[in-house]
Amino acid sequence: MPAAAALPDPVTALSADEARRIALRAQGLVGAPDRRAGVPAMLRSLGAVQLDTISVLARSHELVAYARLGPVGREAVERAYWGGDAFEYWSHAACVLPVTEWPWFAFRRRRLLARQKRWHDVHQPAVDAVRERLRTGGPLTTKELGGAKAGPEWWNWSEAKIAVEWLLDVGEVACVERRGWRRVYDLAERAIPAELLRDEPSDEACLERLVAQGGRAMGVATRGDLADYHRLRVDNVDAVLEASGLVPVAVAGWDEPAWADAAALDTPVRGRHRTTLLSPFDSLIWDRKRTPRLFAFDHFIEAYVPAPKRVHGYYAMPLLAGGRLVGRVDPKRDGRTLVAKQVSIEPREVERLAVALREAAEWVGCDAVAVGDVSPRAAAGALLAALGA
């Protein structure tokens, strides 16, 4: 394993606040949103938007666009993701990626091909059958291919599901649309522009590109942060850091060396901070080690935790206000009412929370906001008054 990249002496010194502001700007959460460029430009800037099956106010990939662009229409968000300029593949997790990034995941497709399996053994007759079915009748969902499951357990995939996911893994098949939350599969030769499909960069070139892109999207990051953004190995990051164009920095209070986008260091951070609720899968906070370092705020997804053991709720959404994470809301929709089932908030941020709740309610088609448990209890009256105003 290569040694960690050595930092030259001296390096640019950043305060914790400077690092936080650089990160917020890199993630598109400072300054007036560019609604004219819209979701495609946001996706190119972030490099990846994580998908998730849970839908509370909206799906996570919709919430990511909303957090940065404001109350753009949800249908417009979906069209932008699945309008031909993006595809779905494995990055931080299952993510929507700009179609221009197709060549740079060649290293991952090659590694999966060399392993000849993912979670399931691959049976060649089923692969051949699915490939031919897509060739003659695609694009198709797994339901149209014969169904996703061979039994009641979620992991008990059908032969058709195993085969099509394998073809997706290795790049013979692409997913460029979700229909009713089902992946729509087609042959990559039809779905991906030919010039991108032909481009097969070396593993080193792919890793260099992804580390550089992750660094720009985060603004400032440690080696571990850079590895986590597209789920690379730390030794992969070390091997290409010097060539990535990122520059070393020292952030006050961080225990590890960090690297930053050079352009971000040269430009002061200006503009209004966005006040918004964030998806738990938002790329600003999806790294559970990075978030406390940036915001002094611990956040964990409790959707998969048994209800009696939850602290903040099933789908607690952090509140971003004034460039800090200052509270949480566990929401649900009840008809045309947005219900904040469980709220924790710094008392001085109650007005901003009310603004965020009203805006989110309007965006998802609700015309009222109701509030459940509030912590601290002393903030409940002020929140209700702010919402009434």
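Colleague: Which residue in β13 is the bridge partner of Arg 333?

Modeller: Leu 338 is the bridge partner of Arg 333. This is a predicted model, where local features need pLDDT of at least 70, side-chain atom pairs count only at pLDDT 80 or more, and totals for chains, interfaces and linings use all residues. Residues are numbered from 1 along each chain as its sequence is written, and side-chain values use heavy atoms, leaving out hydrogens and water.

Colleague: What makes β12 and β13 a pair?

Modeller: DSSP must find at least two bridges between two strands (E runs of at least two residues). Strand β12 (residues 324-334) and strand β13 (residues 337-345) have eight, in the antiparallel sense, so they pair.

Colleague: Why are β10 and β14 called edge strands?

Modeller: The open sheet has the order β10-β11-β12-β13-β14. Both β10 (276-277) and β14 (368-375) pair on one side only.

Colleague: What makes α3 roughly perpendicular to α4?

Modeller: The helices pack at an angle of about 105 degrees, with their axes 10 Å apart. Roughly perpendicular covers 65 to 115 degrees, which makes α3 roughly perpendicular to α4.

Colleague: Which residues of α3 meet α4 there?

Modeller: His 61, Glu 62 and Ala 65 in α3 meet Arg 74, Val 77, Glu 78 and Tyr 81 in α4, with heavy atoms within 4.5 Å counting as contact.

Key: Helix = DSSP H or I, 4+ residues; strand = E, 2+ residues; numbered from the N terminus. Axes fitted to C-alpha atoms, helices over the stretch in contact; angles between N-to-C directions. Parallel < 35°, antiparallel > 145°, perpendicular 65-115°, else oblique.
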